[in-house]
Amino acid sequence: MFGRAAREEDFEVAAMPHLNDLFRTAYRVIGDRSAAEDLVQEAYLQAWKSFHRFEMGTNCRAWLFKILFHVIHHHRRKWFNLALFKEGDEFLEEVLVYEEPVPQHLRDEEVLAAVGKLPQQYREVVLLADVEELAYKEIAAVLGIPVGTVMSRLSRGRKILRKELSDFAASYGIKSVQA
Amino acid sequence: MNVINFEPSECKKLRPYLDSYVNNELLVETNHAVLKHLQECGDCLLALDSRLRVKGALQVAVCKDVAPSELQYRIQRELRKSKAAPFLGWRNWMLVVAVAVIVMIGSWGLFTAIQNNKVAASESAKRQNARVLHVGLGDHVHCAVERKFADEPFTEAEMSAKLGSEFSGLVQLLKDHVPGDYQVVTGHRCTFQQREFVHFILRHQEKMMSLVLTQKNGEAFSTATIGDVLQASGVTLHTGRLENYEVAGFATGDYLAFVVSNLDKSESDKIAADLAPALRQYLAQRES
């Protein structure tokens, strides 16, 4: 009635190229490959149903991430009933000048293991900022949080990540670079 | 975006902005201040380096995760299956409903207009036919009812004399085509409202019926086949109940013919239908 075939084509052209981005983010946030596939599929179906609200030419990738995280958060609330922990908005006081030493050579499995240990909320922001390279403003829109919270979570998440990587290095007897 | 003025060697103030620096989220002024500090502070430079290395390593490691090839196929298949689900959002549904309402209103308006036109056309045809039927009715009332010609039956010789050779043959035609219990009591030429008529009155007890003929004077029955119309062997009979009389009429090329009676409609219609074809043929012979 409204040119469904054309809309389908528009949707696939705009949305399908971001499949890998969405999948790897979902996988790293959830930690389960099969669940990530289901969540990404659900996100795409929801995106299709609301595609009429999407303005062509705007940031489809960020829009898809927003839908994905809506699906992920719904999934987590449903299955894990996880309470969202609060954090202070003021991030400056949390950051110390002292930095955990980070090994010069980082192996993929160590990095991924360190990411896996990040608290969920930090992990989401770190992945969106450092891997998907979304702007603070986009991350805030995707996760529905203020930009200040994005900044604080990113800073804390990175700090935890460096600590985990430093601990890995120490466990292997590798000398880390002191920062 | 954060703007801050750094004091020299104030690492504690700088460090929190290194994360935003890495993400290129600082304003130009702040960015310059960070760069200047980094040129002077080895510790902060190492801190920046560790952030960049972790970020780079993270990108490399995570980006090795690739969606399984069948996932795209699965999603596309589910999208196709979702065709049965309504694609329209509430705005489009509202649009559909609005269009449907407009179409319904438009259709109803069109239907009503057509019906109104039909009703108007029907009413117009009925009025036109009634005006024509009143021509025959008027002469029947004038002669048979008011002047009571039926009370003084004519002999066949009198009728022949009054009708003339042109219409005297109609007496026998009437006898042949109306029920046998009706008697032709009057046959004459008369004038009513400056109009000449050939008029026959038939009677059976209290039942009285007239056959009235007159030349057309611009009148015509409606060509619309709506309203009370009978077809009798190719003759279109227009009927109506006027002033408590049943009237049936038809037109030939030059004449209007009417059957007016105090009979009920079914009997009146039957007699008119039986009489009309023969009468038309008779008049047609005169016209030719």
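Predicted model: local features only at pLDDT ≥ 70, side-chain atom pairs only at ≥ 80, totals over all residues.
**The interface of chain A and chain B**

- On the side of chain A that touches chain B, helices H1 (4-15), H2 (19-30), H3 (33-49), H5 (108-117), H6 (120-131) and H8 (147-171) of chain A each supply at least two residues.
- Among these helices, H3(A) gives the most to that side, with nine residues.
- Sorted by class, the side of chain A that touches chain B has 33 nonpolar, six polar and 17 charged residues.
- In terms of contacts, 56 residues of chain A meet 49 residues of chain B.
- The size of an interface is often given as the accessible area lost when the parts come together; for chain A and chain B the buried area is about 5,000 Å², with 61% of it on carbon and sulfur atoms.

**Salt bridges**

- Side chains of opposite charge can pair when their charged atoms come close.
- The structure holds 26 salt bridges over all chains, and the count between chain A and chain B is seven.
- One salt bridge joins B:Lys55 to A:Glu133, where the closest N and O atoms are 3.3 Å apart.
- Within chain A, the side chains of A:Glu132 and A:Arg24 meet in a salt bridge, at 2.8 Å from N to O.
- This pair links distant parts of the chain, 108 residues apart, since A:Glu132 lies in the loop between H6 and helix H7 (136-143) of chain A, whereas A:Arg24 lies in helix H2 of chain A.

**Two helices of chain B**

- The axes of helix H7 (residues 156-167) and helix H9 (residues 265-287) of chain B come within 12 Å and cross at roughly 70°, which means that H7(B) is roughly perpendicular to H9(B).
- Where these helices meet, B:Ser165, B:Glu166 and B:Phe167 in H7(B) are in contact with B:Tyr282, B:Leu283 and B:Arg286 in H9(B).
- The residues of this contact of H7(B) with H9(B) divide into three nonpolar, one polar and two charged.

Conventions: Residues numbered from 1 in each chain as written. Chains lettered and ligands numbered in written order. Heavy atoms only, no water. Axes fitted to C-alpha atoms, helices over the stretch in contact; angles between N-to-C directions. Helix = DSSP H or I, 4+ residues; strand = E, 2+ residues; numbered from the N terminus. Parallel < 35°, antiparallel > 145°, perpendicular 65-115°, else oblique. Contact = heavy atoms within 4.5 Å. Nonpolar A, V, L, I, M, F, W, Y, C, P; charged D, E, K, R; others polar. Buried area = accessible area lost by both parts, 1.4 Å probe. Salt bridge = Lys/Arg side-chain N within 4 Å of Asp/Glu carboxyl O.
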